[in-house]
Amino acid sequence: MTVPPFQGFYDQHRDLVWRFVVSLVGRADAEDVFQETWLAALRSYPSLQDSANLRSWLLTIATSKATDEHRSRNRRPAPVDAVPDVAAVVTDPADDGLWAEVRALPPKQRTALAHRYVGDLRYADIAVAMGTTPAAARRNVYEALTKLRSTWIPNETP
Amino acid sequence: MDPERDTVTDDTVTDDDLGLAAAATAEPAPERLTERLLAAADAEDLVDVAYGVVDAPIGPLVVAATSVGLVRVSFDPADVAVADLGRRISPRVLEIPRRLDGVRRELDEYFAGRRQRFEVPLDWRLVTGPFARRVLTHTASIGYGRTSTYAEVAAAAGNPQASRATGSALGANPLCVVVPCHRVLRSGGGLGGYAGGLTTKQLLLDLEATA
């Protein structure tokens with residue numbers, strides 16, 4: 001089966017990609033990652049052979065763009081003197097709380113959580129998206145949850 | 001891994017005691033992101049087919065263009081027309097109304113009785129076969145307010161016997177209204193057929209007779 005027209009694909013997955021990248025990189029950087037994800041998807045869309053697993057395929061691209069964003073952020077000088085500015089930027093709830101904790105986890109763990117709880121993928125699909133096995137995908141989720149349960153205090157933030 | 005166990009946990013998110021799904025942003029993607037994306041995609045030449053919908057007095061028309069020119073004017077519902085474009089040209093079909101501003105303006109003028117010929121560049125790629133192409137090229141030269149017959153068009157396309165093939169070629173005209181297949185009638189004056197329905201064909205003929 002060939003791939004559907006891109007417009008319908010975009011309409012169906014636009015909000016999913018948005019929630020996914022906000023979860024993985026935070027609100028401030030999400031717009032660029034969103035744009036890069038869809039441009040990359042559009043570039044390789046005609047070479048797709050069939051329409052199975054389009055959702056996993058798309059979230060794989062989003063993950064890769066989010067990882068690029070994390071890397072480039074880590075290369076930027078730490079904003080030690082810019083604490084007031086950083087605080088002023090944090091206005092969106094998506095930049096605070098539980099998913100901010102998730103973003104501090106190792107890449108594989110935070111990615112697995114985003115696939116599972118935002119992408120709503122099955123472990124078999126997470127495995128495809130992350131190029132790993134279902135067992136490893138499940139382990140990543142499990143380890144991430146264990147860590148979060150030990151550090152996350154629900155009433156910490158308003 | 002026990003596949004059954006996998007299915008059970010996959011069907012119901014039993015392990016989300018932290019509320020991760022609920023804590024993720026519920027905000028839909030901001031509208032301006034779509035505009036920004038389309039502008040970038042267009043600039044990078046990643047959109048093979050751009051389409052829009054023109055509100056015409058005869059009903060909504062789906063219009064589509066490639067980098068070559070106008071490739072489709074369709075009476076079909078948008079989802080049907082878009083699926084067809086995706087299959088026949090490229091799956092990279094996106095709604096970019098401003099890419100169709102030229103033909104929209106010309107169609108508006110035509111339906112207002114202020115335009116007698118279309119000037120936007122055409123992309124003929126959806127015309128299949130040389131005979132159909134000759135039929136439609138000839139049809140494009142039938143003047144505003146005039147009519148011809150299937151037999152005349154068949155002869156002009158080089159095969160006077162091929163009235164039926166001419167009818168098929170006109171019926172498959174991908175550029176309705178702009179390539180005026182509504183100006184081709186049966187010998188003897190019958191309306192013949194029309195992709196947009198015979199009422200629409202008559203409306204177009206009436207428009208051209210009175211404007």
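In this predicted model, chain B contains an open sheet built from four strands, which follow one another in the order β3-β2-β1-β4. The pairing within this sheet is mixed. At the two edges sit β3 and β4 (93-95) of chain B, and each of these strands pairs on one side only.

Strand β1 (residues 49-56) of chain B and strand β2 (residues 59-65) of chain B run antiparallel and are joined by seven bridges. One residue pair to look for here is Val54(B), whose bridge partner in β2(B) is Leu61(B). The link between these strands is a hairpin, in which two residues lead from β1(B) to β2(B). Strand β1(B) also pairs with β4(B); here the two strands run parallel, and three bridges hold the pairing.

Attention now turns to the domains. The domain assignment divides chain B into domain 1, covering 32-111, and domain 2, covering 130-210. Their centres, taken over C-alpha atoms, are separated by 24 Å. Eight residues of domain 1 of chain B and nine residues of domain 2 of chain B take part in the contact between them. How many residues does strand β3 (residues 70-74) of chain B give to the side of domain 1 that touches domain 2? This strand supplies five residues, the largest share of that side. Sorted by class, the side of domain 1 of chain B that touches domain 2 of chain B holds six nonpolar residues, one polar residue and one charged residue.

The final part of the picture is the meeting of the two chains. The contact takes 36 residues from chain A and 30 residues from chain B. On the side of chain A that touches chain B, the elements giving two or more residues are α1 (6-25), α2, α5 (98-103), α6 (107-117) and α8 (134-151) of chain A. The largest share, eight residues, comes from α1(A). By class, this side of chain A divides into 24 nonpolar, five polar and seven charged residues.

Two packed helices are described by the angle between their axes and the distance between the axes. Helix α2 (residues 27-44) of chain A packs against helix α3 (residues 31-43) of chain B at an angle of about 45°, and their axes are 10 Å apart. Because of this angle, α2(A) is oblique to α3(B). The crossing of α2(A) and α3(B) is right-handed. From α2(A), the contact is made by Glu31(A), Phe34(A), Gln35(A), Trp38(A), Leu39(A) and Leu42(A); from α3(B), the partners are Leu33(B), Arg36(B), Leu37(B), Ala40(B) and Ala41(B). Taken by class, the residues of this helix contact comprise eight nonpolar, one polar and two charged.

Definitions and conventions:
Residues numbered from 1 in each chain as written. Chains lettered and ligands numbered in written order. Predicted model: local features only at pLDDT ≥ 70, side-chain atom pairs only at ≥ 80, totals over all residues. Domains from an automatic or database assignment. Contact = placed C-beta atoms within 7 Å. Nonpolar A, V, L, I, M, F, W, Y, C, P; charged D, E, K, R; others polar. Axes fitted to C-alpha atoms, helices over the stretch in contact; angles between N-to-C directions. Parallel < 35°, antiparallel > 145°, perpendicular 65-115°, else oblique. Left-handed = near helix turned anticlockwise from the far one by under 90°. Pairing = 2+ DSSP bridges.
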